[in-house]
Amino acid sequence: MPSEELKNDALLVAALKFDSHEAFVKIFRQYYANLVRFTARYVSDKSTCEDIVQEAFIRVWTNRKKLDTNTSFRSYLVSLVQNLALNELRHRKVKMMYDDMNHEKILTLSPDEHVFFSELSDAYESALEKLEPEVRETLLLSRQEKLKYTEIASRLNISVRTVEARISKAVKYLQQNLQIFRSPILLILFIRTLL
Amino acid sequence: MNHIDNNPDINLVIARYLSGNATSEEIERLREWIEQSPENKKDFYEQQDIWETLLPAFDVTDSDTEKAERNVLIKTGIEPRRSGLVRKLLRMWARIAAVALLPILAIAIYFLVRLQDSAATDITLSTDYGCTSKASLPDGSVVWLNANSTLEYSGKLSGNSRDVNLRGEAYFNVHADSRHPFIVHTPYMSVTATGTEFNVNAYDDDASVTLAKGKVTVTDASDRISLLPGEHLALRNGHPAVSKSSDLGRYCGWRDGVLIFEDDSIHTICRRLEQIYNVNFVIDPSLNDRTFRFILKGENLSEIMHLFELTAPVSCISESNNHTPDSPQIIHIKPNN
């Protein structure tokens, strides 16, 4: 939960400022996999994503004395990774999902909030059960069997557009059911309680 | 969510974009839409967050994380970096050591096993008056030992049968193993079980067995009797009598420090207290026919006596002058008038 995590992070960051190796390892384990998955939206290549996130952690350690315990450490970490990923995009030729100027522009707009989905997995599981059967079936074919939309369409004997509509419906449903976890007001309150 | 309703198929565009199927016109349209308002932007990134884990581009495994952790710890200088040569030498040395150690290890194991065999001497668990104890046995069984009781077993409990000797009272939760019966030996009878829960009271010849779960066989000098769950076997003048007990708590409650007496004679009650506490009662003969019912939970002896005086028209008088720590306390119970 965000509140626990913020408190936890603030403690870990405070320890980090006193050179705690344990705190660093804890932070690393907590965030590494999530951040690599996050980086996948910028860079399609896994090992480049891993390099970027590792570089971010090295910078966290180097700059540990300057870390601010009063702001969200997670936001700091996410924007650090994001900047490194965007640098990678600008200065090197990395494989992107689309070779398109508008795509690059979308990537450079920074998200206001980022919640790692793995933290919402319980809410996700319960929301999944409530999806309409055909929506859930389509989602699982894509998610678990990793079928392309055209393959799903021919298997279910529906159009690709219907597949897209169902996936979109699933995402929207989950989004509306996970709202509570993302409220920025709540986050601010949690940060306040730390001060 | 007006911004969504005004633009019903933007979600479809988002879905197409995130799955890599969008056309360049769609991407342009999406970019414009995202830049239109902070709400749109938030909406888009939320969907992207959900997408990321719903349909991850690749898996990040634990071993990826471990490798990355090592790499980062070395690069930050938290863990010392070893040069290639040092690493090679270390690895070589480790191999040599491993090979050299093998025979030593084998010899060590041999002696260890022999040592264990000879070390399979008796282990004794015992409890003092007024205390109970819970222990795990080497075979995985769990035993609760009532006060003033002793349990002995040979070190490993790994023979053809698992034999334990009991004096006093114990509750057994026997680890299931049908090929190695678990046998509780007492001076009055033995109880054989394979995997079950039962209570054995063997303080004196008024011994009893109560079965909570499963099946046990009770053997004494002349008989061999199987019990069903809920049955209570008591020796009366050396002869076994089986009764159906509706109240296991009466026989097994002591594990939780609860003693239950229901219409029991004062002799039965005092005998039970004598088993658990270091005490001898002298009961006035005029009380012989009286029965009492009460429940005790964790009280010490003087509290119990006080409780007894409160609930029954009796006085409990302790002979305190000659009481040393080892000798039993003597308490006289007399009627009030």
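Predicted model: local features only at pLDDT ≥ 70, side-chain atom pairs only at ≥ 80, totals over all residues.
**Exercise 1. Describe the make-up of chain A and of chain B.**

Solution. 
Step 1: Chain A has 10 helices and zero strands, and its pattern along the sequence reads α-α-α-α-α-α-α-α-α-α. Chain B comes to nine helices and 18 strands.
Step 2: Turn to burial. In chain A, 30% of the 195 residues count as buried. In chain B, buried residues make up 27% of the 337 residues.
Step 3: Look at contacts along the sequence. In chain A, 67% of the contacts with a separation of 6 or more are between residues 24 or more positions apart. For chain B, 39% of the contacts between residues at least 6 apart join residues at least 24 apart.

**Exercise 2. Find which parts of chain B touch chain A, and which helix gives the most residues.**

Solution. 
Step 1: Count the residues. The contact involves 40 residues of chain B and 46 residues of chain A.
Step 2: Assign the chain B side to elements. Those giving two or more residues are helix 2 (10–18), helix 3 (24–36), helix 4 (38–54) and helix 5 (62–75) of chain B.
Step 3: Pick out the main contributor. Helix 4 of chain B gives the most, with 12 residues.
Step 4: Sort by class. The side of chain B that touches chain A has 18 nonpolar, 11 polar and 11 charged residues.

**Exercise 3. Decide how helix 9 of chain A and helix 2 of chain B are oriented to each other.**

Solution. 
Step 1: Take the geometry. Helix 9 (residues 160–177) of chain A packs with helix 2 of chain B at an angle of about 100°, and their axes are 9 Å apart.
Step 2: Apply the cut-off. Angles of 65 to 115 degrees count as roughly perpendicular, and therefore the two helices are roughly perpendicular to each other.
Step 3: Name the residues. Helix 9 of chain A contributes A:Glu164, A:Ala165, A:Ile167, A:Ser168, A:Val171 and A:Lys172, while helix 2 of chain B contributes B:Asn11, B:Leu12, B:Ile14, B:Ala15 and B:Arg16.
Step 4: Sort by class. This contact has six nonpolar, two polar and three charged residues.

**Exercise 4. Describe the open sheet of three strands in chain B and the helices that pack on it.**

Solution. 
Step 1: Give the order. The strands run 15-18-17, with mixed pairing.
Step 2: Find the edges. Strand 15 (279–283) and strand 17 (314–319) of chain B each pair on one side only. Neighbouring strands are turned by 25° against each other on average, direction ignored.
Step 3: Examine one pair. Strand 17 and strand 18 (residues 329–335) of chain B run antiparallel and are joined by six bridges. B:Ser318 has B:Ile331 of strand 18 as its bridge partner.
Step 4: Helix 8 (residues 266–276) of chain B touches strand 15 and strand 18, and its direction makes about 165° with that of strand 15. Helix 9 (residues 301–311) of chain B touches strand 15, strand 17 and strand 18, and its direction makes about 150° with that of strand 17.

Notes
Residues numbered from 1 in each chain as written. Chains lettered and ligands numbered in written order. Contact = placed C-beta atoms within 7 Å. Helix = DSSP H or I, 4+ residues; strand = E, 2+ residues; numbered from the N terminus. Nonpolar A, V, L, I, M, F, W, Y, C, P; charged D, E, K, R; others polar. Pairing = 2+ DSSP bridges. Axes fitted to C-alpha atoms, helices over the stretch in contact; angles between N-to-C directions. Buried ≥ 20, exposed ≤ 12 C-beta atoms within 10 Å, placed from the backbone. Parallel < 35°, antiparallel > 145°, perpendicular 65-115°, else oblique.
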